[in-house]
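Trainee: I would like to go through this protein with you. Shall we take the terms one at a time?

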Amino acid sequence: MAGAKSPDRWKARALEGGSTASTYALVRAEVASPAEVAPVRAQSSVAGVLAGVLSPLGCRPGWHTAMELSAEYLREKLQRDLEAEHVEVEDTTLNRCACSFRVLVVSAKFEGKPLLQRHRLVNACLAEELPHIHAFEQKTLTPEQWARERQK
């Protein structure tokens, strides 16, 4: 057929930019027996990492060479740069591989600022780290708000 795409071109495109789910669907469709799934899945994980696709656990195993992130590292940086009186950082990734974080930052720098400006301050502080983080949830409070919340 003149206008039809070849299966190999479709497969290459799926492996390059497709989601992890579509890659695994493609792997399952090509495997003759269940015993072949594990080695093929391992090979597709390597291809996925090279293409920037998340692994099945939600991590980017190869990125650690560029930057070593940890909850403690983020906590110290937020505390130092935002002059925070209290910072909590939790790695919320399933296997704690430092790709997903939840933070609570209490700083006087947030006084008189709306939520969006507070979040922008946090994002600016972590500008180098955020491109390496898959999910980031933040709660920003002034010292007064933090005191009221602790009394609840």
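Trainee: How many helices and strands make up the secondary structure of the protein?

Mentor: Six helices and three strands. Helices (H or I, at least four residues) and strands (E, at least two) are DSSP runs, numbered from the N terminus. The order is α-α-α-α-β-β-α-β-α. This is a predicted model: local features need pLDDT of at least 70, side-chain atom pairs need 80 or more, and totals for chains, interfaces and linings use all residues. Residues are numbered from 1 along each chain as its sequence is written, and side-chain values use heavy atoms, without hydrogens and water.

Trainee: What is the mean pLDDT of the protein?

Mentor: The mean is 73, and 55% of residues reach 70 or more. pLDDT is the predictor's confidence in each residue, from 0 to 100.

Trainee: Why are strands E2 and E3 called paired?

Mentor: Pairing takes at least two DSSP bridges between two strands. E2 (residues 100-107) and E3 (residues 135-141) have seven, so they pair, in the parallel sense. Val106 has Leu141 in E3 as its bridge partner.

Trainee: What makes the crossover from E2 to E3 right-handed?

Mentor: With the strands pointing away from the viewer, the path from the first strand over the helix to the second must run clockwise. The β-α-β path from E2 through H5 to E3 is right-handed, so it runs clockwise in that view.

Trainee: What percentage of the residues is buried?

Mentor: Buried residues make up 34% of the 152. Buried means under 20% relative accessible area, exposed over 50%, partly exposed in between (1.4 Å probe, protein chains only).
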